[in-house]
Amino acid sequence: YVEVKSVTLVENGVGLFPDAPTERGRRHMASLASAVRRGHRAAVVFVIQRGDAVAFSTNRSADPLFSDSLANATQHGVEAYAYRCQVSRAAIQISDAVPVQL
């Protein structure tokens, strides 16, 4: 199972998600953790749609419950990945992985 989240907020080189409270995002993390408990592999992928991010983290100030939900999910085996994009007028392309800092 894979959940993909779009990240547009970058502060001091760190892509942050969410930019507003997200009950839906918390439900997604719980669903992924449930899938792992049932014996499946599950991951969340944060796609940072900017090229200036050097890392990813949750935006605890916007939604501390989402931060806790992601931390709980990863403690139960959900994998977390983050990728930054190169953005031009012609295209947005995933370029490379950046560290996930929980």
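**A helix and a strand residue**

Guide: In this predicted model, the cover over the buried residues of α1 includes β1 (2-7), β4 (43-48) and α2 (64-75).

Visitor: Which residues of α1 are the buried ones?

Guide: They are Gly25, His28, Met29, Leu32, Ala33, Ala35 and Val36.

Visitor: What puts them on the same side of α1?

Guide: Their arc around the axis is only 155°, so they share one side of α1. An α-helix has 3.6 residues a turn, so residues three or four places apart point the same way.

Visitor: What does the face turned away from the buried side carry?

Guide: That face of α1 has the exposed residues Glu23, Arg24 and Arg37.

Visitor: Why is Ser95 called partly exposed?

Guide: Ser95 has a relative accessible area of 35%. Buried means under 20% and exposed over 50%, so Ser95 falls in between and is partly exposed. Ser95 lies in strand β7 (residues 92-98).

Visitor: What makes the pairing of the Ser95 and Asp96 side chains a polar contact?

Guide: The two side chains are paired at 2.8 Å, and the cut-off is within 3.5 Å. Residues adjacent in sequence count only if both atoms are side-chain atoms, and this contact is between side chains. Leaving aside neighbours within four places in sequence, Ser95 is in contact with Arg84, Cys85 and Gln86.

Definitions and conventions:
Residues are numbered from 1 along each chain as its sequence is written. This is a predicted model: local features need pLDDT of at least 70, side-chain atom pairs count only at pLDDT 80 or more; totals for chains, interfaces and linings use all residues. Side-chain values use heavy atoms; hydrogens and water are left out. Buried means under 20% relative accessible area, exposed over 50%, partly exposed in between (1.4 Å probe, protein chains only). Helices (H or I, at least four residues) and strands (E, at least two) are DSSP runs, numbered from the N terminus. The arc is that of the directions from the helix axis to the C-beta atoms. Contact means heavy atoms within 4.5 Å. A polar contact is a pair of N or O atoms within 3.5 Å; within protein, one must be able to donate a hydrogen and the other to accept it, and residues adjacent in sequence count only if both atoms are side-chain atoms.
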